[in-house]
Amino acid sequence: MSETRRVGVIDIGTVTARVGMADIQDHVVLSIVRESRICNLGEGVDAAGLISPDAIARVLEAVDGFIAFLRDHRRDVVGCFLTSAARDARNADELLDALRARGLAPEVLTGTVEGALAFRGVAQAFDCHSMAVADIGGGSTELTCGGRTDDGLVVDWTHSFDLGARRLTERFLSRNDPPSRDDLVACCCETRMAFEAQMPWMEGALAHPDILIATGGTVTSLSAMGLGLETYDSAVVQGSTLTVEEVDDLGARLAAMTESQRARIPGLQPNRAPVILGGTLLVGELMRASGFRELTVSDFDGLAGACMAVERSLDGTPGPVGFLPATVGLADLVEP
């Protein structure tokens with residue numbers, strides 16, 4: 001049995017910034033501790049193509065806290081990854097330079113790598129020979145198909161859609177509070193058409209997966225809301241299910257509320273209230289386009305997959321789709 005390695009990952013998404021600290025042995029996550037902050041890095045990026053100074057400041061404040069957290073928990077190596085908002089923004093280097101000044105080695109993930117990391121993080125918790133994994137984010141949604149073989153996990157297909165909870169909110173659902181029927185219809189129609197254009201098993205190019213597993217703040221929040229949880233409980237959410245009818249019912253409930261009313265729903269982080277309706281509509285259209293009447297919710301996600309990739313990098317071993325992340329040691333990190 002090999003030694004236990006302690007790795008950390010800072011993951012900066014379009015809506016949420018997170019830090020994950022994992023203990024990994026023989027490429028298996030033994031435990032993972034996570035902290036998150038809703039920073040809304042992608043606020044306005046879809047329309048302007050730029051990250052705002054305020055959004056950069058919010059992210060850096062969160063990252064400074066994460067660095068202190070990593071020091072307290074003594075990680076061996078640390079990776080830092082950014083996703084959709086950083087891919088889209090013309091001024092992403094402003095944020096990347098500020099992260100480098102803190103001793104980090106930030107990497108902007110491609111959609112393919114982001115999807116593969118989510119698949120790896122989710123699949124470790126499910127014993128399925130064939131699965132589709134949807135990583136539903138603020139600016140993009142990655143859909144990956146693969147499964148377990150005698151040689152381990154295999155990714156057969158992945159695609160990154162420019163569809164996310166914040167992107168859809170800003171495009172369609174921010175003009176009226178609550179949104180109008182026309183806003184809702186336009187959002188659902190564009191989302192459905194985008195998914196249907198890239199769904200290989202519906203065209204017969206791939207075998208239909210046995211199960212759809214979804215991860216990300218939208219779907220875990222929907223599970224918590226549907227279960228009536230007053231306080232989020234990962235153990236209860238992990239492996240829970242949502243039918244398309246349940247998702248539609250939650251969508252109808254959210255659509256009838258103002259943003260301030262949504263912020264008071266038990267089980268929903270108040271800071272996620274502005275984008276939860278867009279994410280819910282996205283989930284419903286994904287299910288219809290992919291031919292699934294039910295999905296399984298995973299609290300394991302791309303953050304776990306990123307920790308696994310960082311751990312493999314210590315041996316120089318590429319992770320999913322040949323990804324070999326850049327990392328730094330704990331001593332390299334700089335607290336401002």
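**View 1. Strand β4 and its covered faces.** In this predicted model, strand β4 spans residues 77–82 and is mostly covered, with six of its six residues buried. In a regular strand the side chains alternate between the two faces of the sheet. In β4, V77, G79 and F81 lie on one side, while V78, C80 and L82 lie on the other, and both faces are covered.

**View 2. The pairing partners of β4.** Strand β4 runs parallel to β1, and six bridges join the two. Within this pairing, V9 has G79 of β4 as its bridge partner. Strand β5, residues 106–108, also pairs with β4 in the parallel sense, over three bridges. Here C80 stands opposite P106 of β5. The pairing with strand β12, residues 328–329, is antiparallel and has two bridges. V77 has G329 of β12 as its bridge partner.

View 3. In soluble globular proteins, nonpolar side chains tend to be buried together. The largest nonpolar core of this model holds 46 residues, and L143, F195, W201, L212 and L295 are those with the most contacts inside it. Helix α12, which covers residues 273–290, gives the most to this core, contributing nine residues.

**View 4. The surroundings of L212.** L212 is one of the residues with the most contacts inside the largest nonpolar core. Leaving aside residues up to four places away in sequence, L212 touches A132, A134, L143, M287, S290, F292, E294, L295 and T296. Two of these neighbours, L143 and L295, are also named among the residues with the most contacts inside the core.

**View 5. T158 in strand β8.** T158 is found in strand β8, which spans residues 152–161. Is T158 buried or exposed? Its relative accessible area is 19%, and buried means under 20%, so T158 counts as buried. T158 touches T112, G115, L143 and T144, not counting residues up to four places away in sequence. L333, by contrast, lies 175 residues from T158 in sequence and 33 Å from T158 in space, C-alpha to C-alpha.

**View 6. The largest pocket.** The volume of the largest pocket is about 920 Å³. Its lining has 45 residues, and T16, R18, G217, R272 and D301 lie nearest the centre. Elements giving two or more residues to this lining include the strands β1 (5–12), β2 (16–25), β3 (28–38) and β6 (131–136). The helices α5 (111–123), α8 (217–227) and α13 (302–313) also give two or more residues. Which element gives the largest share of this lining? Helix α8 does, with four residues. By class, the lining of the largest pocket divides into 12 nonpolar, 22 polar and 11 charged residues.

**View 7. The second largest pocket.** This pocket has a volume of about 240 Å³. It is lined by 15 residues, of which L184, C188, G251, L281 and E285 lie nearest its centre. Helices α7 (181–196), α10 (244–255) and α12 are the elements that give two or more residues to the lining. The lining of the second largest pocket has eight nonpolar, three polar and four charged residues.

Note on methods: Residues are numbered from 1 along each chain as its sequence is written. This is a predicted model: local features need pLDDT of at least 70, side-chain atom pairs count only at pLDDT 80 or more; totals for chains, interfaces and linings use all residues. Side-chain values use heavy atoms; hydrogens and water are left out. A nonpolar core is a set of buried Ala, Val, Leu, Ile, Met, Phe, Trp, Tyr and Cys residues joined through side-chain atoms within 4.5 Å. Buried means under 20% relative accessible area, exposed over 50%, partly exposed in between (1.4 Å probe, protein chains only). Contact means heavy atoms within 4.5 Å. On a 1 Å grid over the protein atoms alone, a cavity is a set of points where a 1.4 Å probe fits but cannot get out, and a pocket is an open set with protein on both sides within 12 Å along at least five of seven lines; lining residues have an atom within 4 Å of a point. Grid points are joined across faces, edges and corners, and a volume is the space filled by probe spheres set on the points. Ala, Val, Leu, Ile, Met, Phe, Trp, Tyr, Cys and Pro count as nonpolar, Asp, Glu, Lys and Arg as charged, and the others, Gly among them, as polar. Two strands pair if DSSP finds at least two bridges between them.
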